[in-house]
Structures are given as structure tokens and as C-alpha cells.
2 protein chains.
Amino acid sequence: MTGYSIGEISHLTGLTIDTLRYYERIELLVDIRRNQSGHRCYSDDDLGWLNLLVCLRETGMSIADMTRFAVLIRQGEESVPDRVTLLSKHRQDVLNKIAQMEQKLEGVEAKINHYLEQEKNK
Amino acid sequence: MTGYSIGEISHLTGLTIDTLRYYERIELLVDIRRNQSGHRCYSDDDLGWLNLLVCLRETGMSIADMTRFAVLIRQGEESVPDRVTLLSKHRQDVLNKIAQMEQKLEGVEAKINHYLEQEKNK
DNA sequence: TCTTGACCTTGAGTCCACTCCAGCTTGTAT
DNA sequence: ATACAAGCTGGAGTGGACTCAAGGTCAAGA
């Protein structure tokens, strides 16, 4: 209930402490509570938001787009349709990127097999 | 038979002209033939190598690793097992990364669905 | 009391992968 | 003859996403 320290959040999210402070600087993260001694004190909501950011980052969303999304959220309820649009577009981008990677991976596999053949016939 | 100009190769591979020259500068590409007027003249082998590089790049291999691979190739036949090792490791990395992206994408989809539910109950 | 360790801030630095610039040459079309 | 497109070089600049450094505060334990 007292919230999480930056070190705890770093462990829980996999983001470094420097990255957490950086995200706050660029306003990807706002209004983080502080305790008496000025240390950041993250809430469960903050943790939830960071976990979503990690999902977006790991699926290749740019910081610029994450920032756009964060702005939508700050605009409140009425931006929900826009948020759906943004995330849906991202979802499709990710699916395309995965398909693209799978296709190019075939080229790599063909090369591996070519080398294996070459070794076999020696 | 006369080979391809840098502009043609750019179209064929999707790499920009600047990137092609950059790859040569960092020795990802070596011994590109020149015509009488000093212009690059790429062979079919060069094109094949570039297409493989594109597969590696699009699947997320770093320039540093591509350079290592290029060095192995220049070492000749005896490096074939090492090339297989390098490419196989990359293949596994790509599969892991795709799996990771698919998993994190579920987090994004959950959020989309959450928003859609929220909109429905309004 | 004094030392650790975890935290704080501002500002600068790093790494990667290009990308752009200025000034020059060459070959083809009008 | 001249204009224009496409190419050349060496070197500098860019954008994205962090990452590090220096110097300071604060609370708890030996």
C-alpha cells in the first residue's frame, strides 16, 4: 500500500532505473508520488501502466508513439476510441512485422541448409 | 552480364544508395567491380550476398554480427561450420524474439479488448 | 558517530545505423 | 555546346533510445 520504490519497479518491469527516470523526463510517465524524503513511490496503477509500456516497447512501438498514447490517456474517457485505433494499428503492424521476419527467416534457413549440404558432400 | 549499377541494386534490394556505399565502407561488402568511369558494377554474386544481408537485417541481426559473418566467408571453405553455427544461433534468436513479441502482443490485445468492453457498456 | 546503500538532480555522453552534404566527373539527350 | 541525370569521394550530421557522471540527501545499522 505504501507503493514501490524505483528499485522494486525496476525488478518488476525489467526496465533499468535510468530508463524509468528517463521515461518520466519525457513524460511517458507523469505524477509519480514521492515519499517524505523525495524518493519516487510507484502505485499499482503506475506498475500496470509500465507493464503495458513494456508490451508496447517489446513489440517495437517507438517512444514517439508511446508518448502519443500517453497523451490520449491523459485526455480522459473521450479518447478511448482513438486509443483503440492507435493500439489496433500497432497490433496490425506487429503482425505484419512478424510475417515479414518469418519470411526473411526462410532465406536464412535456406542458407543454413545449403551450407549443411555442402559439408555433407565433402 | 555487364552487371548492375548502384541504382539498379538499390531498387532490387530495397537498400538505399547511401546504405550500399556505407556497407562497402564498413567492409560488409568488398571488392565491388568498377566500370571504365569508376562507377560500381555489381555482379549476380554481389546481389545474392546483398539479398542474404537483407534477410539478416530484416530479422534483426546487428551490423557487428553481419560483419563477423562476412569475415567468416572471406576466410573460405574451412569456416563453413562456423557460419552454420552463427546462422543457427541467429535463427534461434529470431524464433525467441517472435515468441516474445507474440506474448507481449497478447498484453496489447487485452488492452484493446478492455477498451472495447468499456465503450460497449456506456 | 560514521558508514553504507538506495535514492535524488542536471546535464552530458554513447551507440547504432544510417543519411546528408559539398564539390567533382562522366555519359547521354537536345 | 550544354544541360541534366547518375555516379563518385571524404567527412560531418542525425535520430532514437537510452546510459553515465558528478555531486548531493537521507535513513538505518555497527
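Guide: A residue is near a molecule or strand if one of its heavy atoms lies within 4 Å of it. This is a predicted model, in which local features need pLDDT of at least 70 and side-chain atom pairs count only at pLDDT 80 or more, while totals for chains, interfaces and linings use all residues. Residues are numbered from 1 along each chain as its sequence is written, chains are lettered from A and ligands numbered from 1 in the order in which they are written, and side-chain values use heavy atoms, with hydrogens and water left out.

DNA strand C is surrounded by 20 residues, of which A:Arg21, A:Arg34, A:Arg40, B:Tyr23 and B:Arg57 are the closest. Sugar or phosphate accounts for 76% of the atoms of DNA strand C within 4 Å of the protein, and bases account for the rest. A polar backbone atom of A:Arg40 is 2.6 Å from one phosphate oxygen of DNA strand C. Two or more residues of the surface near DNA strand C are given by each of helix 1 (6-13) and helix 2 (17-25) of chain A and helix 2 (17-25) of chain B; helices here are DSSP runs (H or I, at least four residues), numbered from the N terminus. Helix 2 of chain B provides the largest share, 5 residues. By class, the surface near DNA strand C comprises 5 nonpolar, 8 polar and 7 charged residues, where Ala, Val, Leu, Ile, Met, Phe, Trp, Tyr, Cys and Pro count as nonpolar, Asp, Glu, Lys and Arg as charged, and the others, Gly among them, as polar.

Around DNA strand D there are 19 residues, and A:Tyr23, A:Arg57, B:Arg21, B:Arg34 and B:Arg40 come nearest. Of the atoms of DNA strand D within 4 Å of the protein, sugar or phosphate makes up 71% and bases the rest. Helix 2 of chain A, together with helix 1 (6-13) and helix 2 of chain B, are the elements that give two or more residues to the surface near DNA strand D. The largest share, 5 residues, comes from helix 2 of chain A. This surface has 5 nonpolar, 7 polar and 7 charged residues.

Helix packing can be followed from helix 1 of chain A. The axes of helix 1 and helix 3 of chain A come within 10 Å and cross at roughly 40°; axes are lines fitted to C-alpha atoms over the stretch in contact, and angles run from 0 to 180 degrees between N-to-C directions. In contact (heavy atoms within 4.5 Å) are A:Ile9, A:Leu12 and A:Thr13 of helix 1 of chain A with A:Leu47, A:Leu50, A:Asn51 and A:Val54 of helix 3 of chain A. The residues of this contact divide into 5 nonpolar, 2 polar and no charged.

Methods: A polar contact is a pair of N or O atoms within 3.5 Å; within protein, one must be able to donate a hydrogen and the other to accept it, and residues adjacent in sequence count only if both atoms are side-chain atoms.
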